[in-house]
Amino acid sequence: VIEHGTPDRAIVTTCAYCGVGCSLRAEMKGDRLIRMVPWKDGKANRGHSCVKGRFAFGYAAHPDRIRNPMIRETIDQPWREVSWDEALAFTAQRLRAIQAESGTGAIGGITSSRCTNEETFLVQKLIRQVFGNNNVDTCARVCHSPTGYGLKTTFGTSAGTQDFDSVEAADVVLVIGANPTDGHPVFASRLKKRLRQGAKLIVADPRRIDLVKGPHVQAAHHLALRPGTNVALLTAMAHVIVTEGLTDSAFITERCDAEAFADWAAFVSEEHLSPEATEALTGVPADQVRQAARLYATGGNAAIYYGLGVTEHSQGSTTVMAIANLAMATGNIGRPGVGVNPLRGQNNVQGSCDMGSFPHELPGYRHVHDAEARGVFERLWNVTISDEPGLRIPNMLDAAVDGSFRGLYVQGEDILQSDPDTKHVAAGLAAMDCVIVHDLFLNETANYAHVFLPGSSFLEKDGTFTNAERRLNRVRRVMAPMTGLADWEVTMALANAMGAGWDYAHPSEIMDEIAATTPSFAGVSYDLLEREGSVQWPCNAAAPLGTPVMHEAGFVRGKGLFVITDYVPTDERTGPRFPLLLTTGRILSQYNVGAQTRRTANTAWHGEDRLEIHPHDAETRGIAEGDWVRLASRSGETSLRATLTDRVSPGVVYTTFHHPETQANVVTSDYSDWATNCPEYKVTAVQVALSNGP
Ligand code: SF4
């Protein structure tokens, strides 16, 4: 269905890769997709795209796609292709049998940040209404759950504060723990344009990313901190801002909780948190920290953009709150050019969180303790929702090993590859009696599944994705689902096989239900999206065309809350056996574990994961460029080839995680964020030694 030729029409839809959410025109000839081109009226991308959005869509027609449902009694049996009716009846019977034997809470599900808002809403509805529990979690658990916690605590809502246009009004930009050039390329282009116009850049990253010194851009400061010391660095910057009198007193007095500010200011003023006192810990010269802090506080409009290098730490939530503290202390919130902006990795990670995918939150980030919010859904769905949070993914797997959790529906995520501690994930999955994988391909998790429900690609579905700037973009069906059912229809069919009686005729009706139950989406409808192209939530009576910049007149929580951010070192320590620190990232042409990008025709992109190591560390180990090395940690080991580079400092090594052969998560530890269980992927103590290959 995808071929070359001259198009005769085009359908505007949204890229299914990163959180920039570029609008693309799918150019068609009859029912055949000829090419994807960036849409000039797309408000997130303004006529631009990167190579992934433009050229990496061929996976949708890849022969590895599974087209028919499959079941098996036990995971050591071969798969058996069956009809949708048989697969859904088998699944429903198994799940109900588990509940009859082990209780309502013995099953649960995981939503996907790759799927639409409407599909995600239905999965959490399936779990809360039909399964009868709150055991719903999302793959955002392993990436931006600390963003949700940190920004909700400090500002009152779990989302970035700005639209992408805002960067054009920034005078100073702090990029911390993100590599936009590779991870969010279209946003990176807009940022670089602003830098070429004279805005100043501070990069805080253990690795010398391209933004530090690339074509036409040069960072004013590169704070090459030791992995795992974000909180110490940000607190040292706060120390400078407070002790040198660089705070925005008027903003703090008017907009923030006075008592919390006083406590925080006293805390960060302590001498042991100064740049000089923490220099040995962070590895960043004190003078650089001082200069960067002064620039951020006094350089005009200052914006912060961050990524997984902030969140995937044992102090991920603390780091997000340390960032929010800096923005509030300097009054850099509530107008164009400033703000706190998480660069979301997946196309709909914002939306999957918005849609109630967490075990403690209903759609719109309302806690299950909130009786009024529960009541809205209870009346509409004719069900009682527990006021107790359900199980997070790691807790589900722990309970599975213990035998009390026995059935899991996984939509659009390969948890065996993407979640930490692969051995524990495998043990949990193997212990269950009904694992349902709903995906495009037979992924690694499917090795432990009893039911495989074939999924549909973004080209085959209608719905919406919400990007990193809270923008709801329409996803439009370009071709009919290869499997006969779009993903939302599969979830509805499973709910109905379990007795639900849902009767949605189109995803627009699901959005109508989202709008009717969720105040921040109250004004959203497909009609509005057709008229406006896209809107940013909150979109309701107070903001009928959406909200590009949040917290303009006041914070969503009322007064902004400063939080004391004690630095607590990770338990993942280096030592004689594991003297180096491993951190990880992505490259432009690949995406996460590569399930899509590795299935494109562009084989020149495929490459391999390499280990970047400083020449000094390589020399002491007898390692030369291109040598195979053994990368070992306390959790496990893998093999890959070495690249010698001073992009990383001595003592730090770096790799990507796009290829299943590398199995980077075999090496990572099982430490996680104290507040959200987001795994600490960015800090692993390792040893590297010359090897003979895999
Ligand atoms: Fe897709 Fe992101 Fe590239 Fe845009 S920048 S085309 S959303 S991968």
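Is Tyr-365 buried or exposed, and how many C-beta neighbours does Tyr-365 have inside 10 Å? In this predicted model, Tyr-365 has 23 C-beta neighbours inside 10 Å and therefore counts as buried, the cut-off being 20 or more. The residue is placed in the loop that joins β15 (361-362) to β16 (366-367), and its phi is near 60°, a positive value in a residue other than glycine. Arg-470 likewise has a positive phi, near 65°, and is not a glycine; this residue belongs to the loop between β20 (463-466) and β21 (471-475), and it is buried, with 25 other C-beta atoms within 10 Å. A further backbone feature is found at Pro-538, where the peptide bond from Trp-537 is cis, with omega near 0°; Pro-538 is located in the loop between β22 (534-536) and β23 (580-585).

With regard to the overall fold, the chain contains 23 helices and 28 strands. Its radius of gyration is 24 Å, close to the 26 Å given by the globule rule for 694 residues, so the chain is as compact as a globular protein of that length. Along the principal axes, the C-alpha atoms fill a box of roughly 70 × 65 × 60 Å. Of the 694 residues, 58% count as buried, and among the contacts with a separation of 6 or more, 73% are accounted for by residues 24 or more positions apart.

The domain assignment gives domain 1 (70-142 + 347-458 + 491-499), domain 2 (145-342) and domain 3 (580-690). The C-alpha centres of domain 1 and domain 2 lie 36 Å apart, and the contact between these two domains takes five residues from domain 1 and six residues from domain 2. On the side of domain 1 that touches domain 2, the residues are three nonpolar, one polar and one charged.

In soluble globular proteins, nonpolar side chains tend to be buried together. The largest nonpolar core of the model comprises 98 residues, of which Val-173, Leu-174, Leu-223, Leu-233, Met-237, Tyr-296 and Ile-323 touch the most other members. Helix α7 (residues 230-243) supplies the largest share of this core, namely ten residues. When residues up to four places away in sequence are not counted, Leu-233 touches Ala-204, Leu-223, Leu-225, Thr-282, Val-284 and Val-289. Another core, of 72 residues, lies apart from the largest one and includes Ile-393, Phe-405, Ile-415 and Val-435.

Helix α16 (residues 393-402) has as its buried residues Ile-393, Pro-394, Met-396, Leu-397, Ala-399 and Ala-400. The elements covering these buried residues include the strands β6 (107-111), β7 (136-138) and β17 (407-411), together with the helices α17 (415-418) and α18 (422-431). After α16 comes Gly-403, whose phi is positive, near 95°.

Around the ligand, the shell is formed by 14 residues, of which Cys-15, Tyr-17, Cys-22, Cys-50 and Gly-53 come nearest. Two or more residues of this shell are given by each of the elements α1 (51-55) and α6 (185-196). By class, the residues of the shell divide into eight nonpolar, five polar and one charged.

Technical notes. Residues numbered from 1 in each chain as written. Predicted model: local features only at pLDDT ≥ 70, side-chain atom pairs only at ≥ 80, totals over all residues. Helix = DSSP H or I, 4+ residues; strand = E, 2+ residues; numbered from the N terminus. Buried ≥ 20, exposed ≤ 12 C-beta atoms within 10 Å, placed from the backbone. Near = placed C-beta within 6 Å. Nonpolar A, V, L, I, M, F, W, Y, C, P; charged D, E, K, R; others polar. Core = buried A, V, L, I, M, F, W, Y, C linked by C-beta atoms within 7 Å. Contact = placed C-beta atoms within 7 Å. Rg over C-alpha atoms; globule rule 2.2 N^0.38 Å. Domains from an automatic or database assignment.
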